[in-house]
Amino acid sequence: MTNNKYKILLVEDEANIRNFVETMLENADYQVVLAENGEMAKLMYSSYHPDLIILDLGLPDMDGMTVLDDLRRESSIPVIVLSARMDERDKVLALDHGANDYVTKPFGNAELLARIRSTLRNNRTSSSGRRPGAKFVVGDLVIDYDARQVTISGQRVKLTQTEYNIVALLSEHCGKMMTYSAIIKGIWGYQDEGSVKRLQVNMANIRRKFGVKPGAPKYIINELGVGYRMEGDRENG
Ligand code: CA
């Protein structure tokens, strides 16, 4: 039984938060390994081969970003960054350095657990590749990858090639906040001065065609200054 549990390495120097999160994770049936600084984190990582790492950025011996960079040199293990001091730039930086997601302190149990589930699921599906005939479903929205078509309540949504490519890319990373630059790289392959504007114009058109009113997030969540996240579960179909 116990060896079927996901193993999570929790890197956090504050004992209060460490104990609180450890208890929460154990109650949610995860196996927990603890580290209270960056050196210990690297040691625990190589000794215990966890399935996911929750990484506090403010560590006593080194910046959590350094730990993240070191990890990324050898591994694509899912990392959720935990930090009290996150403005948009910090979030973008963490994501562009390879973090899968972030949670800002103070956070609720439900929020962290949801991010963990989504990150583990996303990691599992993206490594297995897209199956032929696969469809993505979120609510009444369906993406048929083979036909390159999007329907809402059975009605075809007429998207341009670029708009479709953006929607498909976000759906393949659903549950994960994708930064503007990650999306731009995925769609256009390069980034120039007009890229962010071009992306935003395309996104505005997509949301209009999806029938989403400005400021009312549905299907695709926009975090201003950071990026976009598509909700849903691409294991459907
Ligand atoms: Ca800290």
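This note goes through the local features of a predicted model, point by point.

1. **Ground rules.** The model is predicted: local features need pLDDT of at least 70, side-chain atom pairs count only at pLDDT 80 or more, and totals for chains, interfaces and linings use all residues. Residues are numbered from 1 along each chain as its sequence is written, and side-chain values use heavy atoms, with hydrogens and water left out.

2. **The calcium site.** Asp13 (OD), Asp56 (OD) and Gly58 (O) coordinate the calcium ion, at 2.2 to 2.4 Å. Donors here are N, O and S atoms within 2.8 Å of the metal (3.2 Å for Na, K and Ca); water is not among the atoms, so sites may look incomplete. Along the chain, the donors follow the spacing D-x42-D-x1-G. Asp13 sits in the loop between β1 (7–11) and α1 (15–27), and Asp56 in strand β3 (residues 52–56), so the pair ties together parts that are 43 residues apart in sequence. Helices (H or I, at least four residues) and strands (E, at least two) are DSSP runs, numbered from the N terminus.

3. Asp56 is buried, with a relative accessible area of 3%. Asp13 is partly exposed, at 29%. The cut-offs: buried is under 20% relative accessible area, exposed is over 50%, and partly exposed is in between (1.4 Å probe, protein chains only).

4. **Thr23 in α1.** Helix α1 contains Thr23. Thr23 is partly exposed, with 42% relative accessibility. A polar atom of the Thr23 side chain lies 2.8 Å from the backbone oxygen of Asn19. A polar contact is a pair of N or O atoms within 3.5 Å; within protein, one must be able to donate a hydrogen and the other to accept it, and residues adjacent in sequence count only if both atoms are side-chain atoms.

5. **Helix α4.** Which residues of α4 (residues 88–96) are buried? They are Lys91, Ala94 and Leu95. They cover an arc of only 95° around the axis, which puts them on the same side of α4. The arc is that of the directions from the helix axis to the C-beta atoms. The cover over these buried residues includes α3 (64–74), β4 (79–83), β5 (101–104), β10 (177–179) and β11 (220–223). Contact here means heavy atoms within 4.5 Å.

6. **The ends of α4.** At the start of α4, a side-chain oxygen of Asp87 comes within 3.1 Å of the backbone nitrogen of Arg89. Just after α4, Gly98 has a positive phi of about 110°.

7. Strands β6 (residues 135–138) and β7 (residues 141–144) run antiparallel, joined by 4 bridges. Strands pair if DSSP finds at least two bridges between them. Phe136 has Ile143 in β7 as its bridge partner. The β6–β7 hairpin has 2 residues between its strands, and Gly139 in the turn has a positive phi of about 60°. β7 also pairs with β8 (residues 149–152), antiparallel and over 4 bridges. There, Asp144 has Gln149 in β8 as its bridge partner. The hairpin of β7 and β8 has 4 residues between the strands, and Arg148 takes a positive phi near 55°.

8. **Aromatic pairs.** The whole structure holds 3 aromatic pairs. One of them joins Tyr180 and Tyr228, edge-to-face, at 5.7 Å centre to centre and 65° between the planes. Tyr180 lies in helix α7 (residues 180–188) and Tyr228 in strand β12 (residues 227–230), so the pair ties together parts that are 48 residues apart in sequence. Tyr180 is buried at 11% relative accessible area, and Tyr228 is buried at 3%. Phe210 and Tyr219 also form an edge-to-face pair, 5.6 Å centre to centre and 85° between the planes. Rings of Phe, Tyr and Trp (its six-membered ring) pair if their centres lie within 6.5 Å; planes under 30 degrees apart count as stacked, over 60 as edge-to-face and the rest as tilted.

9. **Backbone points to check.** Most residues other than glycine have a negative phi, and most peptide bonds are trans. Lys105 and Pro106 are joined by a cis peptide bond, with omega about -5°. Pro106 lies in the loop between β5 and α5 (109–128). Ser153 is not a glycine, yet has a positive phi of about 50°. Ser153 sits in the loop between β8 and β9 (155–157) and is exposed, at 53% relative accessibility. Tyr219 has a positive phi near 70°. Tyr219 lies in the loop between α8 (195–209) and β11 and is buried, at 6% relative accessibility.
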